[in-house]
Amino acid sequence: MVLDIAVSIKTSKLGGNSMPTSDLSASRTEGVVPIELMCRFDGRIIEANKAARDLAKSVNAPKVNRLLPDDHFELVSRALHSGDVVVSANHIYGFDFEWKYYLDQRSKVIRIESINYVQNKQSEIDKSVVSIEGWSNFIDSVPVAVCVTENNSDEIRYINQIACRILNIIPGTENQTKLREVFANTNTIKKINQLLIEKGFVRDLKVSARGTNNSRWDKDEKWLQVNIKLIRKLEGSFLIWTFTDYTSGSQTEAALLESENKFQNVIQGAQEGIWEWQAGLEGSEWWSQPMYELLGLKVDESKIGLSQLQRLIHPEDREIFANAWSRLINDKGKQFIVEARIAVKKKGYRWFVIRGTADYDYTGNAKKVVGSISDIHLQKQAQVQLAEEKDKVVATLRSIVDAVITTNERGEVQYINQAAARFLNCSEEYARGKHIENVIDLYEEESDEKIENPILSCLSGNLKKNQKLNADIVTKTGTKYTVQLMVTPLISQSGKLYGAVTVMNDVTNLRLLARRLRYQASHDSLTSLINRSEFERNVRKAILNAKTKHKKSSLIYLDLDRFKMVNDLYGHAAGDELLIQFSNLVKSKLRGSDILARLGGDEFALLLPECSLDQAEEKAHEILNSIQEYKFIWEQKSFNVEASIGVAEVNQKCFDLSYALSAVDSACYLAKESGRNCVRVFREGDENINRRRGQERWLQRFDKALNEGRLVVTAQSIINIKANKDIEIDKNGFEILIRMEDDNGRLVPPNAFLPAVERYNRAPKLDRWILDKVLLQLSDNRDVLSQIDKCSINLSGQSLVSEGFLPFIMAKLKEYQIDPSKICFEITETAAIANLDQATSFVQKLKDLGCYFALDDFGAGLSSFAYLKTLPVDFLKIDGMFVKDIHRDDVSRAMVKAINDMGHVLGKQTIAEYVENEEILETLKEIGVDFAQGFHAGRPEPILEFFESSQFKVITPKMRKLFAAGGR
C-alpha cells in the first residue's frame, strides 16, 4: 500500500493555516518564503511549490527530496506508530532546519512542518565543516574497510589498506578505479543507485559475486556487507563506503538458511499440522500453515494456542486430551498420543490423532512441547466400518447352522463358531490352538477307510481353489456324522498362504433321505422289487458283459393273466395283495444272483446272469408250474393264478437295451396269443416272432415320422351316384386318409404302419393329430365347406374308449368354428361291436351336436344286423372285399345288395369302397348304392392339392353322365 504524505516547510507567513502551532514557532525567521511539499512514504516528491524548487536549485540539490532529513523515514514510522508529535533538526546545504512531524486532523496523512530554517554564516560553516582532506588520517585509523568517492564520478578520493585488501585494489592504483566497477553483478549496482537517489544512504546491503576475467574479484565467491552514506559539503557531495567481508560467516548463514528453508518446506508440504507450546511465554505458541488448513481456519481469523485447540476438541474427548496433557507436563510422560474429534470449519467434527513431545528443564518442568495433528477421519471410519463388519461376520458365524473352522498356516485352529463347537462336541476354548488332526478325523463316506484331511492338503499348497467333498466325520468323542466340507485357502494380496477356512454342513439326515430316495427311485413301493429303470440298468450291464466278456445272460418276461378281473371284482386291495404274493412266489425260485423286477401293473421281468437260453427256459417252466399250483385266497375265495411267460437270451447279437427287451416282450406276446398260461422262447427265424418284431420296427418309424412332421394328410373323393332326377345339384364328399413319408421321401400306405399303431395303443394320439390338422385346414379354406357334402374322418376303437377324447373333439370344433354337420366320423364295425355301449354313447353325443357317423368295413365278419337297431350311425360303408368282384361274382353282388337293402330299411345311406372301374360303378348304380369311393372315382391327394384339383367340384346330373361315360 502506498501512503501519501504531505510535507509542509513554511514560515510564519502561512498565516491562516489550520495546523497546530508550537513553542518553537517563535524562532522562525520572518520573511522566509514558505516551502510546501507533497511526497510519498518512500520519499518521492509528487508535488513541490516554487519556493521548494528554488531552494533546491540554489543549494544544487539533485532533487527536492534531498531537503528532507536523513532520518525522515524513521521519523515518519515513529509518528505513525506512537501518534505523538515528533520534532527533529538537521543541517544541510548551509541551512539549519527544525522539523515537526504530526498527524493531521484527518488522521490519514503525516504532516511535516519546517519550524525554522536559516542560512548559516560562512564563518560558522567553515568552523563546522571539516576539510575533506582531513579525513584521511581518520579513515586510515579505523579498523574497518572505508573508502571515500566522488558522488558524481565515483572516483576514489581516499581508501584505507583494509578496503584495498578486501576489494583487491593495488595501492597506488586507486585513482584509476571507479568503485562501482568492483561489482560484477549489474543488479547490485542498480540497487545501490536507486537507494542513493531515494534515501541518500545504503544500509547493510549484502552482495555476493564470483570473479571473472574482466572483474577485480578473484575466482572464489566473496560475500560483502556494504554501507554507503551521501555527504554534502561546500566543495561537493561525497560517498562514504564501508565494507565488511563475511564470506565464511555467510556460508554458515546460507547453510542455516537452506536448512531452515528445507525445514519450512517439510512443514508446509507435510500432511500433518505442527504446533508449539512454551511454558510461561504469553503469545509464544505457534501453528504451522497446514494446521490452519486442516482445521479449516485462516491465519488471521482466529487465536491460536493450546486453549483454542482444547475448545475445538469434541466435549466427549476433552477429558482424554486433558489427562494425556497432564501426564505429559506433570508426570514427565515425555510424549503422548491421543485420538480425538476436532471441529473443522464447515465440515463438523473429524477424527485426528494428536501427538506431543515435551522438553524439560533441569528442574524437571516442561518448558516446551512440540506436537502435530493428523487427519485420520477416513481411517477411523474404515476402522469403524471394519469393526462393524467384523461384528456382523462374528454374529453371522455364530448364528448360522453350518460349522465354520479357521486354521493358521500350521493347521492350528484359530476360530470355531458355536455351530462347530456343538458339532464337534467341544468348547471353543478347547479347540482353539489345537491342531486340526487332534479335533476331527475323516473317513471315506460309507466306509471305515480313513482319508487325508483336506485342510492339511490345502495348507500344503496342493489346493489353490475351493475344494468340496463329502465324508464321514468322527469326532474325538466318537460321534459319527456324514458331512459336506468346503475348504478354501486364505491367501494374502502378495500371494502368501496364511491359513484356511472350512465350512462343514451336517448332511447325515440328508444322506439318509437321499439313500431312501435312491431306493424309492429304483424300487417298486408295493413289492419292494427293483423297478423298470433299475432293471434296465442291470440289463445294460449284462449286454456289455455279453459283448466284451462273452458272458451270456437270459431274460424272462412274466405277465399275469386275468389280473384285471381280480381288481374289478374285489378292488385294488386284493390286486395289490396278489402282486405281493406273486412276487414272493417267483423270488422263492430264484438264485442269489438273479434279479427280479416289477415293470409296472401286472408285468414282471427276470434277469438271469450267466445263464443259457435252455437253462432260462427250464427256469421259466419251473416258475410257471409253481404259479399253476398256487391259489390266491381273498375273502375265503380262492383263484387260480395264470401267467404268460417269454424267454430271450442276452448275447453278442443284442445291439442295445431296446433290442433285448423287444425280443423277450415279443416272446411273451406270443405266449398270450397261444392261449396264455404258457412259456414261449424267442429264437431268431421264428415267423411269429419276426411278424411281431416287424410291427415294433414300424412303430419306431411311425413315432419318428410323427415327431419329425412326416405324416401326410390326404383326401379321396366320395361321389354321389344316386339316380334321383329331382335333385338338380348333388354335392360330393371326401374321406381323410393318412400316409407316411419314409426317410427317402416315399409315401408309405397306412396298412403298413397302422397295425403297429393299433397294437401299441398309439391310435388315440394319431386320431387327435389328424383331427386337429384337418379342422385347421377347413378353417383356413372355408369356401370348401360350402362345396362339399361331408368330410369323413376315421376314428379307431381305442379312441372311442379313450378318456378325454370326446371333449377334445367338441373343443376343436368350437375352436375352429366348423359346422358339425359337415363332419362325418367313420368307425369300424369290429370296434363298435367290441365296445357297443361306449360306442353308442360316444356316437349319440356327437350326433346331438350335429355330426354324422359311418360304420366302416361293414360286412367283414358280420354275424347279425341286430346291433344296427341301437347303434345310431348314418352311413354304412360296404367292405371292399365284397365290392371289388361285384361285376363278375353273383355272391358278392347278392351280399352288397343285402347290405344296401338292409341299410335303407334302417334309414341309413350306403357307401361302396374299392370302386376300381366303370363296371363296378354301373353295378352299384343298378343295386341302388348311394355313394361310391375308389380309384375310379378319384385317387387320394394331399389335402391342399385336393382342394385345387379337378375332382373337387360340384357335380350336376349332366356332369355325372359325362363322368360315367368318360371314366371320370
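Visitor: How many salt bridges does the structure hold?
Guide: It holds 33 salt bridges, the term standing for a side-chain nitrogen of Lys or Arg within 4 Å of a carboxyl oxygen of Asp or Glu. This is a predicted model, in which local features need pLDDT of at least 70 and side-chain atom pairs count only at pLDDT 80 or more, while totals for chains, interfaces and linings use all residues. Residues are numbered from 1 along each chain as its sequence is written, and side-chain values use heavy atoms, with hydrogens and water left out.

Visitor: What makes Glu 534 and Arg 537 a salt bridge?
Guide: Their side chains meet with N and O at 2.3 Å. The limit is 4 Å, so the pair counts. In general, side chains of opposite charge can pair when their charged atoms come close.

Visitor: How far apart are Glu 534 and Arg 537 in helix α16?
Guide: They lie three residues apart in helix α16 (residues 532-548), and so are separated by about one helical turn. Helices are DSSP runs of H or I with at least four residues, strands are runs of E with at least two, and both are numbered from the N terminus.

Visitor: Why is Glu 534 called buried?
Guide: Its relative accessibility is 17%. Buried means under 20% relative accessible area, exposed means over 50%, and partly exposed is in between (1.4 Å probe, protein chains only). Glu 534 therefore counts as buried, whereas Arg 537, at 36%, is partly exposed.

Visitor: Which residue forms a salt bridge with Lys 619?
Guide: Glu 622 does, with the closest N and O atoms 3.4 Å apart. Both belong to helix α19 (residues 613-629), three residues and about one helical turn apart. Lys 619 has 15% relative accessible area, so it is buried. Glu 622 has 34%, so it is partly exposed.

Visitor: What makes Lys 877 and Glu 735 a salt bridge?
Guide: The N to O distance of their side chains is 2.9 Å. This pair links distant parts of the chain, with Lys 877 in strand β36 (residues 875-878) and Glu 735 in strand β31 (residues 733-741), 142 residues apart. Both residues are buried.

Visitor: Which residues are linked in a network of salt bridges?
Guide: Asp 559, Asp 561, Lys 672 and Arg 676 are linked in that way.

Visitor: Why does Leu 510 count as partly exposed?
Guide: Leu 510, in helix α15 (residues 508-522), has 48% relative accessibility, and so counts as partly exposed. With Leu 513 and Leu 517, Leu 510 makes a nonpolar surface patch of about 260 Å².

Visitor: Where is Glu 610 found?
Guide: Glu 610 is in the loop between β25 (603-608) and α19. Its phi is positive, about 50 degrees, although Glu 610 is not a glycine. At 53% relative accessibility, it counts as exposed.

How values were computed:
Patches are made of residues with over 30% relative accessible area and no salt bridge: like charges are joined within 9 Å, nonpolar side chains (Val, Leu, Ile, Met, Phe, Trp, Tyr) within 5 Å. Accessible areas come from the Shrake-Rupley method with a 1.4 Å probe; for residues, only the protein chains shown count as cover.
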